[in-house]
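Here are my notes on the model you sent over, as numbered points. Have the structure open while you read.

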Amino acid sequence: MFGRLQNALQLDGSSGIALNKGVHQALDDFRWIAKDLTARPTRIQEIVPLLPGAEGDHDASGKGAGGVWFPSDTLVPRGDWKANVPVVWRIEWPDWVRERLVSSDNPNGDISNSDLECAGGLIQLEALAQTFDIRERTV
């Protein structure tokens, strides 16, 4: 946003400002931000991250994915989950995923290891969200 406005304001020997489509889009973005900021108060958690409510890690391979979370005592458990008990999960990818994975045996596959890592990251976050209330928490 700022780059487009900076380019428009650069002096090119004329007294005009180049108001091209990109500049208009940037100005529209600033208008949207100003309207959004006045629509509701900004919570402090949106500006300053808190200490992590849980720490964990995950990994994925062509066979499956898994991970672990170590929750702090500041998180409230959901359902029957116990406080301060690690969350451990794993999943085996279905056959259709493994069959489409790019490998030396399947160079024309359309699922990469990076895709599986990304999916594992989403499952990692969901595992914590299902076991603890992590609304407005840094994890």
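1. Start with R31, which is exposed, since its relative accessible area of 53% is over 50%. Its salt-bridge partner is D28, with the closest N and O atoms 2.7 Å apart. D28 is partly exposed, at 45% relative accessibility. Because the two sit three residues apart in helix 2, about one helical turn separates R31 from D28. Bear in mind throughout that this is a predicted model.

2. Staying with helix 2 (residues 21-39), L37 is found there as well. L37 is exposed, with 51% relative accessible area. Together with W32 and I33, L37 makes up a nonpolar patch on the surface, and the three have about 330 Å² of accessible area together. As a general point, nonpolar side chains in soluble globular proteins tend to be buried together. That makes the patch something to look at on screen.

3. Now the overall layout. The protein chain has five helices and five strands, and from the N terminus on they run α-α-α-β-β-β-β-α-α-β. Of its 139 residues, 22% count as buried. The chain exposes about 10300 Å², with carbon and sulfur atoms supplying 56% of that. If you take contacts between residues at least 6 apart in sequence, 55% of them join residues at least 24 apart.

4. Which residues touch the most other members of the largest nonpolar core? They are L75, W93, L116, L128 and F132, out of 16 residues in that core. Two or more residues each come from strand 1 (54-60), strand 2 (64-71), strand 4 (87-92) and helix 5 (113-131). Helix 5 gives the most, with three residues.

5. Leaving aside residues up to four places away in sequence, F132 touches P71, L75, V76, P77, R78, W81, K82, A83, V85 and V87. T131, in helix 5, touches P77, R78, W81 and V87 on that basis, again not counting residues up to four places away in sequence. T131 is buried, because its relative accessibility of 10% is under the 20% cut-off. The T131 side chain also reaches the backbone oxygen of A127, at 2.9 Å.

6. Is Q124 buried or exposed? Buried: its relative accessibility is 3%. Q124 lies in helix 5. Not counting residues up to four places away in sequence, Q124 touches G56, D57, H58, G67, V68, W69 and W89.

7. On to backbone angles. Most residues other than glycine have a negative phi. N84 has a positive one, near 65°. N84 lies in the loop between strand 3 (76-77) and strand 4, and counts as partly exposed at 48% relative accessibility.

8. E136 also has a positive phi, near 55°. E136 lies in the segment after strand 5 (132-133) and is partly exposed, at 40% relative accessibility. Where does E136 sit relative to I44? The two are 92 residues apart in sequence, yet their C-alpha atoms are 9.6 Å apart in space. E136 touches R43, Q45 and L50, not counting residues up to four places away in sequence.

9. Back to charges. How many salt bridges does the structure hold? Six. One of them joins D95 and R98, at 2.3 Å from N to O. D95 and R98 are three residues apart in helix 4 (residues 95-100), so about one helical turn lies between them. D95 is partly exposed, with 47% relative accessible area, and R98 is partly exposed too, with 30%.

10. R100 forms a salt bridge with D110, the closest N and O atoms being 2.9 Å apart. This pair links distant parts of the chain: R100 is in helix 4, while D110, ten residues away, is in the loop between helix 4 and helix 5. R100 is partly exposed, at 35% relative accessible area.

11. Last, the network. R78, D133 and R135 are linked by salt bridges.

Technical notes
Residues numbered from 1 in each chain as written. Predicted model: local features only at pLDDT ≥ 70, side-chain atom pairs only at ≥ 80, totals over all residues. Heavy atoms only, no water. Helix = DSSP H or I, 4+ residues; strand = E, 2+ residues; numbered from the N terminus. Buried < 20%, exposed > 50% of the residue type's maximum accessible area, 1.4 Å probe, protein only. Contact = heavy atoms within 4.5 Å. Areas by Shrake-Rupley, 256 points an atom, 1.4 Å probe, with all protein chains shown as cover. Core = buried A, V, L, I, M, F, W, Y, C linked by side-chain atoms within 4.5 Å. Patch = residues over 30% accessible without salt bridge, like charges linked within 9 Å, V, L, I, M, F, W, Y side chains within 5 Å. Salt bridge = Lys/Arg side-chain N within 4 Å of Asp/Glu carboxyl O. Polar contact = N/O pair within 3.5 Å; in protein donor to acceptor, adjacent residues only side chain to side chain.
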